[in-house]
Amino acid sequence: MQRVIQRTASARKQALRKTTKAHERQELLDRVGIRRARKDFGGALSTQFQAARKNRWEDWEKGPLAPMRDSGLSRTTYGGQDASVLHPPRLPKHEQRRHVLFAEGDRVCVIRGRDQGKINVIQQINRDSETVLIKGINMADVIIPGWAKDRLGHSGDTQPQSFPVSFDDIRHVIPLEDTKTGKLQNVIVQHAYAAGPYFQRPEHSKLPAFTRYVSGLDVEIPWPMEEEPTITDGDMDTTRMAVEISTFTPTLEEPPMPSTVIDELRNKYSRFRTRHDPEYLREKMKEDLRNEYRKTVSMMTPKTDAKNLKIAQIAEARKAKVDANGNGILTPGAINFINEHIRNERLLQKPKQPTKSKKSKSKQAA
């Protein structure tokens, strides 16, 4: 018997090691695939820009003898980029930054690329790929597909668009006071970090809860101001006055809704439902068959016997607290509390009889 138990334990350890190795291998493959996709994305962009520079140099060098590239089927889309390059590959969750220090409306400076040194405002942030779209930075013509022309109301085949810029290629630009002159001047922040205090933002806000600071100086970098959205009432909206009027008074004497509606309000797979879908019943039958099969192939040991006995005792104790219809049995204390509550409600709802005044009582006595 001891040998059987040892073999079972060793088999479980081997299966656990195999599962762990399979997970590690899959994570490695996912990491390699994402890195390869990002590398191919950057290579494709670099190849396109190199080809464009080569064509411009050839046009300048040959002059009137340069080939006419803006002809044929690609005449109206010559020099445009495919719209797929606007969506760089996403990073896995374990490689993404915990704190994103940039927000829409921040002034940033580009430190790498063809627009190096330019400063402008962030228009959009993509946290999955850790890129931003900056107003008027890294602009290029994007080819608009035919199905999107009518939707966008654009007549041309291309449209200028800002291309994504990585978080590593931008830095904050904030005004700081010069210690010598006392004047404010724009400063590029090389390093920043996130810390407290933490704030509770309104629901419409896209700003993080933490505060950001300049490394070394511990100067707070203010978040951009957000405008509160204006909410207008529509024709189908319910007025606040209609919502605040109380039209239902709860009572313990009768249910708040018919019993047939309760099943519809409960979860589809709730064990308290009295009517289930056929699909749910089939899955439950399969689950019962699987449990019966596991019981037949499971190894009986003193530990499993004690565990099964404890499970059976818990099930019997739960069954003793439920009646034949599956409803919970109320304790005497709960029944007394409900009866007293109903009695108090009836006394409050009972109309009071008018009391006789002292003058009328004196007249009757006379």
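Leaving aside neighbours within four places in sequence, which residues is Val108 in contact with? Contact here means heavy atoms within 4.5 Å, and the list reads Phe102, Lys118, Ile119, Asn120, Ile122, Ile134, Ile170, Arg171, His172 and Val173. The model is predicted, so local features need pLDDT of at least 70 and side-chain atom pairs count only at pLDDT 80 or more, while totals for chains, interfaces and linings use all residues. Residues are numbered from 1 along each chain as its sequence is written, and side-chain values use heavy atoms, with hydrogens and water left out.

Val108 also turns up in the largest nonpolar core, a set of 12 residues that includes Phe102, Ile122, Ile134 and Ile170. Such a core gathers buried Ala, Val, Leu, Ile, Met, Phe, Trp, Tyr and Cys residues joined through side-chain atoms within 4.5 Å, where buried means under 20% relative accessible area, exposed over 50% and partly exposed in between (1.4 Å probe, protein chains only).

Next come the rings. Rings of Phe, Tyr and Trp (its six-membered ring) pair if their centres lie within 6.5 Å; planes under 30 degrees apart are stacked, over 60 edge-to-face and the rest tilted. Tyr193 and Tyr213 are stacked, at 5.6 Å centre to centre with 25° between the planes. Tyr193 is partly exposed at 29% relative accessibility, whereas Tyr213 is buried at 14%. Phe210 and Trp223 sit edge-to-face, because their planes lie at 65°, with the centres 5.7 Å apart. Phe210 is buried at 7%, and Trp223 is buried at 13%.
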